[in-house]
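Please look at the sequence and the structure before reading on.

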Amino acid sequence: MNFKNMSIRKSLIVGFGTTILVSVIIIVTSLVMMNSQKSAYQDIIDHYVKTNTLVSDCRINYNIAARSLRDVALSGNQNGLSTVTAKLSELNTEITAMEDAYPKELKDRSLLNDFVSTLNTWSAEAQKIAEVVKTDRNRAADMIVNECTPALDAAAAAGTVLAKDLQTKQDEIIDKQNLTSNIGLGVIIGVMVVATLVVLVMATKIIRSIVEPSTQVRGALVGFSQGNLAVPVSFTGKNELGEMCDALRTSQKVLNSVIKDISGTTAQMAKGNFDVELTATFPGDLAPIQQSINQFVLRMSETIANISQSADQVTAGAEQVSNSAQALAQGATEQASSVEELSATITDISENAKQTASVAETAGGHVNEAGGQLNLSMEHVKQLNTAMENISSSSQEIGKIIATIENIAFQTNILALNAAVEAARAGSAGKGFAVVADEVRNLATKSDEAAKATKDLIDSSISAVTEGTEAVSKVTDALSRTTESASQVTTMMDTVVSAVENQTQAIMQVTEGIDQISAVVQTNSATSEECAAASEELSSQANIMHQLMAEFKVSSKLGGSFGSSSFSTPAPSYQSSSSSWDAGDDDGGYAGADSNPFTSAKY
């Protein structure tokens, strides 16, 4: 049986099925033999052993019955007859059972018949003796000696012969059964050995048909993991493993072809030759690799061509930058000299502004001090005005009091006149009262005069106070206007001081700016000189780039040769207005950092 062309599933089914079938055959054979052995031994037990046992029981029972019958005949005890009757009944039952259990395969039943006949003869004699012993023991004793004992001896001899014959037949059957068992055991062992050899042969073939290709496939796959595609796979077959080995050999051939093509192409690219293309067949998922590498070669050719053209422009631009940098350096030197002179002038102005600010600040202090004194004088004048108003009020109150005094003097004078009239009417009795009335009138007159004089003085004082109040009011107004003027002057002086300080600060900032400009101009001057040197170095590097680019050979699909101007994609040009690189089309160049051909994702 060729397992190489059999599927793995079918091979495993055949192998395991054969093993199971052999196991079932062995088990069934063993069960049949065991069942045969069991039947044989059960037959021996049911017939030979049982018959032999019944023969022994019969011999025991008729011996017991004979002894009991003898004892009855000798002793005259009739109770022993029941034992004889019972044993004779058992003996009849055992004879029937013995005849039923006798082996059917023994066609010759003469020995059994002889034994049964002797037993029946003895049983008949024993029954007769049992009947006679009831009436005549002597006769019964003679019958036992003359008739029963010979019949008993004949039964014993027939039983012995029958037992020996049964034992002999039983031993023969057991020996035959043992021989059959040994033969069956040998057959089973032989079947097991043959089945084991068959199973081992089939297992060896199945294992070999699986392990051999699996080992080769494993070696090839391990070689794959280590980069070795030359591990041989020689197994052939029409099952799954054969197909797998065929697929693995095909994969090795395809990968060897692909790797050889890629290796040759990259070797040419390493030498600077980009006029190459992958021509091998890249099946399935390997096709994108072929497309990507061919596209990469084309893009690199375009890039190298554009770099070569850009190198020319870089050289020309470097020369222009060098010339401009020289002019810029000279102008920066002159500018630095002018800035230094301007810085010195601004420094002088700053010093003068600082002095002016100091003087303005001192004047502002004096003006603030004068304003404070004016405010203090204004407070004093206000206090004086208040005092004058109080004096005027007091004078008016005094005038009211004087008017009251005049009214009192007028009333007193009237009272004095009334008293004089009443004294005249009284005559001599009223002379003393008339004298008093005269004195009162004189006092009233003097009081009126004094009140008038006081009133005149008070009026004069009120007039003076009024004039003083008016003068104080004028002075207060004048001081108020003076204070307001002083406040305005103080505010203006503060504004002047603040403006001077701001001007000073601005001049200081201008000075700092001039210093920074001077530093920047000096830096620019140094940078311009360095830029000129870098431009010369850049021009030298551009020439080196030309020499390096000359070593590359670009793809012929670009429609031109390296170094010519017939490329379909123009070289990128720099535009100063947008600070970006612009290309002639979307594929050949790039614009801005996002379209850089060395970083773009589409490459």
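In this predicted model, two helices touch through a set of side-by-side listed residues: from α2 these are Leu 81, Leu 88, Leu 91, Asn 92, Ile 95, Met 98 and Glu 99, and from α3 they are Leu 112, Phe 115, Val 116, Leu 119, Asn 120, Trp 122, Ser 123, Ala 126, Gln 127 and Ala 130. By type, the residues of this contact are twelve nonpolar, four polar and one charged.

Two packed helices are described by the angle between their axes and the distance between the axes. Helix α2 covers residues 80-101 and helix α3 covers residues 110-132; the angle is about 160 degrees and the axes lie 11 Å apart. Angles over 145 degrees count as roughly antiparallel, and α2 and α3 are therefore roughly antiparallel to each other. Their crossing is left-handed.

The next topic is charged pairs. The count of salt bridges is three. One of them joins the side chains of Lys 87 and Glu 90, at 3.7 Å from N to O. Lys 87 and Glu 90 are three residues apart in helix α2, so about one helical turn separates them. Lys 87 has 18% relative accessibility and counts as buried, while Glu 90, at 36%, counts as partly exposed.

A salt bridge also links Glu 131 with Lys 134, with 3.9 Å between the closest N and O atoms. Lys 134 is partly exposed, its relative accessible area being 49%.

Asp 165 and Lys 169 form a salt bridge too, their closest N and O atoms being 3.9 Å apart. Both belong to helix α4 (residues 137-225), and because they are four residues apart there, about one helical turn lies between them. Lys 169 has a relative accessible area of 27% and is partly exposed.

Conventions
Residues numbered from 1 in each chain as written. Predicted model: local features only at pLDDT ≥ 70, side-chain atom pairs only at ≥ 80, totals over all residues. Heavy atoms only, no water. Axes fitted to C-alpha atoms, helices over the stretch in contact; angles between N-to-C directions. Parallel < 35°, antiparallel > 145°, perpendicular 65-115°, else oblique. Left-handed = near helix turned anticlockwise from the far one by under 90°. Contact = heavy atoms within 4.5 Å. Nonpolar A, V, L, I, M, F, W, Y, C, P; charged D, E, K, R; others polar. Salt bridge = Lys/Arg side-chain N within 4 Å of Asp/Glu carboxyl O. Buried < 20%, exposed > 50% of the residue type's maximum accessible area, 1.4 Å probe, protein only.
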